[in-house]
Amino acid sequence: MTVGVVVLSRLPGDAVERLRAEHEVRYRDEDSPVPVGDLPVLLSGAQAVVVTLGHRVDDAFLDAAGPGLQVVANVAVGYDNIDVDACRARGVVVTNTPGVLTDATADIAFALVLMATRRLGEAEREVRGGTGGGGWGMFHLLGTSVQGKAIGILGPGAIGLATARRARAFGMSVLLSGRSAPDPEAVAELDAEVVGFEELLERADVLSVHVPLSPATRHLVDAAALARMKPGSYLVNTARGPVVDEAALAAALGSGHLAGAGLDVFEDEPRVHPDLLGREDVVLLPHIGSATVETRTAMAGLAADNVLAVLAGREPLTPVR
Ligand code: DGY
């Protein structure tokens, strides 16, 4: 049987109703990723599939959907869960959700900068644990000020630049480094310096990771890169876990070379490297960069708009090229 649209996870807002207004929709109203064994039944005959990050779209997935599939709409800006070449080879359009989650993710990136530098996770745990030692103390839980320090943005795309804007507002200077040249207007607005990867590592007081995951960026921040970072500096990652070698990060923290880290993403999500779990100097968040009602609603809405456009024979709003 042909079904217009398969939505594999529960979505906020009116995205599903809008799809239903124009197409037959098979809606899996659940949060957990679909067990792989259930995919053939769920996907068979689909013309469009809406997926979230927990779903791996590969040849097996595409086989399960069959030859009628026209579009895979990812409800995320990152699309490392999708084999784009395999989709392209079958003429399947892939879309993502850039733009709508920029501010929410940059908010979390800068929140992690403050949490790591001011030791907020550790402080909160202390209060909850009843071991506060009487509260205020001259030498109690001293952190590092961000004012006058340099933030290094690795990957100056939309989210990286939005994080840099927040850093500027907190009195930080901005270093930018990435594969492609950042928007010159943004560079001027931020009074930023564009530098190479190694210089970024050597000069940043806080390194904030914003590159997408690809074979070229897997373990880009490895033991050698971490060793190049400024002694006493901090690492924040809100992009994808495998960009950072977590074992090497734990070692760099353990040796005291790095002062702290803030992570919203992990190499083997949702698992966290055991050497990081017990450390007071690491802030750990469960991949909540885009997790606001407004942002997730906008992401779902954009994914639906992409599906509606492709099935109507129009260009999608935000295709993955
Ligand atoms: C993304 O969109 O890629 C985030 O990691 C999840 O919202």
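**Exercise 1. The aromatic pair**

How many aromatic pairs does the structure hold?

*Solution.* The model is a predicted one. The structure holds one aromatic pair. A pair of aromatic rings is described by the distance of the centres and the angle of the planes. For Phe110 and Phe170 the ring centres are 4.7 Å apart and the planes stand at 40°. Planes under 30 degrees apart would count as stacked and planes over 60 as edge-to-face, the rest being tilted; the pair of Phe110 and Phe170 is therefore tilted.

The next step is location. Phe110 belongs to helix 5 (residues 102-117), while Phe170 sits in the loop between helix 7 (158-169) and strand 7 (173-177), so the pair ties together parts that are 60 residues apart in sequence. As to burial, Phe110 has a relative accessible area of 4% and is buried, whereas Phe170, at 35%, is partly exposed.

**Exercise 2. The ligand site**

Which residues surround the ligand?

*Solution.* The shell is formed by Leu53, Ala76, Val77, Gly78, Leu101, Arg240, His287, Ser290 and Met299. Sorted by class, it has five nonpolar, three polar and one charged residues.

For the contacts, the cut-off is a pair of N or O atoms within 3.5 Å. Val77 places a backbone N or O atom 2.7 Å from an oxygen atom of the ligand. The side chain of His287 has an N or O atom 2.7 Å from an oxygen atom of the ligand. For the side chain of Ser290, the corresponding distance from an N or O atom to a ligand oxygen is 2.6 Å. The protein covers 90% of the 230 Å² of accessible area that the ligand has on its own.

**Exercise 3. Backbone features in loops**

Where is His287 placed?

*Solution.* His287 lies in the loop between strand 12 (282-284) and helix 13 (293-311). Its phi is near 55°, a positive value in a residue other than glycine. His287 is also one of the residues surrounding the ligand.

Leu141 likewise has a positive phi, near 50°, and is found in the loop between helix 6 (120-128) and strand 6 (150-154).

Pro270 is joined to Glu269 by a cis peptide bond, with omega about 0°. The loop that contains Pro270 runs between strand 11 (258-263) and helix 12 (274-277).

**Exercise 4. Salt bridges**

How many salt bridges does the structure hold?

*Solution.* The structure holds 21 salt bridges. The steps below take three of them in turn, using the limits under 20% for buried and over 50% for exposed.

1. Arg28 and Glu30 form a salt bridge whose closest N and O atoms are 3.3 Å apart. Arg28 has 10% relative accessibility and therefore counts as buried; Glu30, at 41%, counts as partly exposed.
2. Arg18 and Asp14 form a salt bridge with closest N and O atoms 3.4 Å apart. Arg18 is partly exposed at 26% relative accessibility, and Asp14 is partly exposed at 41%.
3. Arg271 and Asp268 meet through their side chains in a salt bridge of 2.9 Å, N to O. Arg271 is exposed, with a relative accessible area of 53%, while Asp268 is partly exposed at 41%.

Finally, the network: salt bridges that share partners join Asp14, Arg18 and Asp305.

Notes:
Residues are numbered from 1 along each chain as its sequence is written. This is a predicted model: local features need pLDDT of at least 70, side-chain atom pairs count only at pLDDT 80 or more; totals for chains, interfaces and linings use all residues. Side-chain values use heavy atoms; hydrogens and water are left out. A residue is near a molecule or strand if one of its heavy atoms lies within 4 Å of it. A polar contact is a pair of N or O atoms within 3.5 Å; within protein, one must be able to donate a hydrogen and the other to accept it, and residues adjacent in sequence count only if both atoms are side-chain atoms. Accessible areas come from the Shrake-Rupley method with a 1.4 Å probe; for residues, only the protein chains shown count as cover. Ala, Val, Leu, Ile, Met, Phe, Trp, Tyr, Cys and Pro count as nonpolar, Asp, Glu, Lys and Arg as charged, and the others, Gly among them, as polar. A salt bridge is a side-chain nitrogen of Lys or Arg within 4 Å of a carboxyl oxygen of Asp or Glu. Buried means under 20% relative accessible area, exposed over 50%, partly exposed in between (1.4 Å probe, protein chains only). Helices (H or I, at least four residues) and strands (E, at least two) are DSSP runs, numbered from the N terminus. Rings of Phe, Tyr and Trp (its six-membered ring) pair if their centres lie within 6.5 Å; planes under 30 degrees apart count as stacked, over 60 as edge-to-face and the rest as tilted.
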